[in-house]
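Work through these exercises with the model open. Each task comes with a worked solution.

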Amino acid sequence: MLNIVVCVSGGGTNLQAIIDNIENKNIRNTQIRGVICNNAGAYALKRAENAGIPAFCISPKVYGSREEFNQAFLQKLQELAPDLIVLAGFLVILPEQMTKLYENRIINIHPSLIPSFCGKGYYGLKVHEAALARGVKITGATVHFVDEGTDTGRIILQKAVEVLEDDTPESLQRRVMEQAEWVILPQAISQLASGGDL
């Protein structure tokens, strides 16, 4: 059984995709041990509650320093003892201590085809705004392992999505989620859970 912890910051649509895929047996031998969120108002917490999954809000706002927040975050992770940590729209840069401790056991979903539109400053709508400004015809999403860099870890899966003439950042974001993110994130977890070669 692969025990996973999902870390989220917002609406939790990728979390929902994981929950649904576990329920309908597209992801086997996997259970979500907990959801950690850095934002008390995030709808992702409600999604976890609806699915009966323990959810924890650990927000930097309630700690005196980044160091204290990192410590609380790490402590909660260690309590949950995950085999795999899944960053599903988690807008927090992980401390190096964590990436070293969980080396090759943290994966992230990024809404572009890495190495395009990734790294520092590229998150959420900013990624899709940059893709449209550049005039690319194809974008997509990438699941990758997390290392000490930003979006620099080894790539696991990618899926391309066509950019349409009349796309706005919002419409492109939606289509990338529906056609790529919600497909390849569960797929990557499934491969890891079945001991597949990545």
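**Exercise 1. Find what covers the buried residues of helix 1.**

Solution. Keep in mind that this is a predicted model. Start with the residues themselves. Buried means under 20% relative accessible area. In helix 1 that applies to Asn 14, Leu 15, Ala 17, Ile 18, Ile 19, Asn 21 and Ile 22. Next, look for their cover. It includes strand 1, strand 2, strand 4 and strand 5. Helix 2 (43-50) and helix 6 also belong to it.

**Exercise 2. Describe how helix 1 lies on the strands, then state what follows the helix.**

Solution. Helix 1 spans residues 13-23. It lies across strand 1 (2-8), strand 2 (30-37), strand 4 (84-87) and strand 5. Now take the angle: helix 1 runs at about 160° to strand 2. Then step past the end of the helix. Just after helix 1, Lys 25 has a positive phi of about 70°.

**Exercise 3. Work out the strand order and name the edge strands.**

Solution. Seven strands make an open sheet, ordered 3-2-1-4-5-6-7. The pairing is mixed. Strand 3 (55-57) and strand 7 (155-162) are the edges, because each pairs on one side only. From one strand to the next, the twist averages 20°.

**Exercise 4. Determine how strand 5 pairs with strand 6, and which helix packs on the sheet.**

Solution. Strand 5 covers residues 106-110, and strand 6 covers residues 138-145. The two run antiparallel, joined by four bridges. Pick Asn 108: its bridge partner in strand 6 is His 144. Finally, turn to helix 6 (residues 169-193), which packs on the sheet. Helix 6 touches strand 1, strand 2, strand 4, strand 5, strand 6 and strand 7. Its direction makes about 155° with that of strand 7.

Methods
Residues are numbered from 1 along each chain as its sequence is written. This is a predicted model: local features need pLDDT of at least 70, side-chain atom pairs count only at pLDDT 80 or more; totals for chains, interfaces and linings use all residues. Side-chain values use heavy atoms; hydrogens and water are left out. Axes are lines fitted to C-alpha atoms, for helices over the stretch in contact, and angles run from 0 to 180 degrees between N-to-C directions. Contact means heavy atoms within 4.5 Å. Buried means under 20% relative accessible area, exposed over 50%, partly exposed in between (1.4 Å probe, protein chains only).
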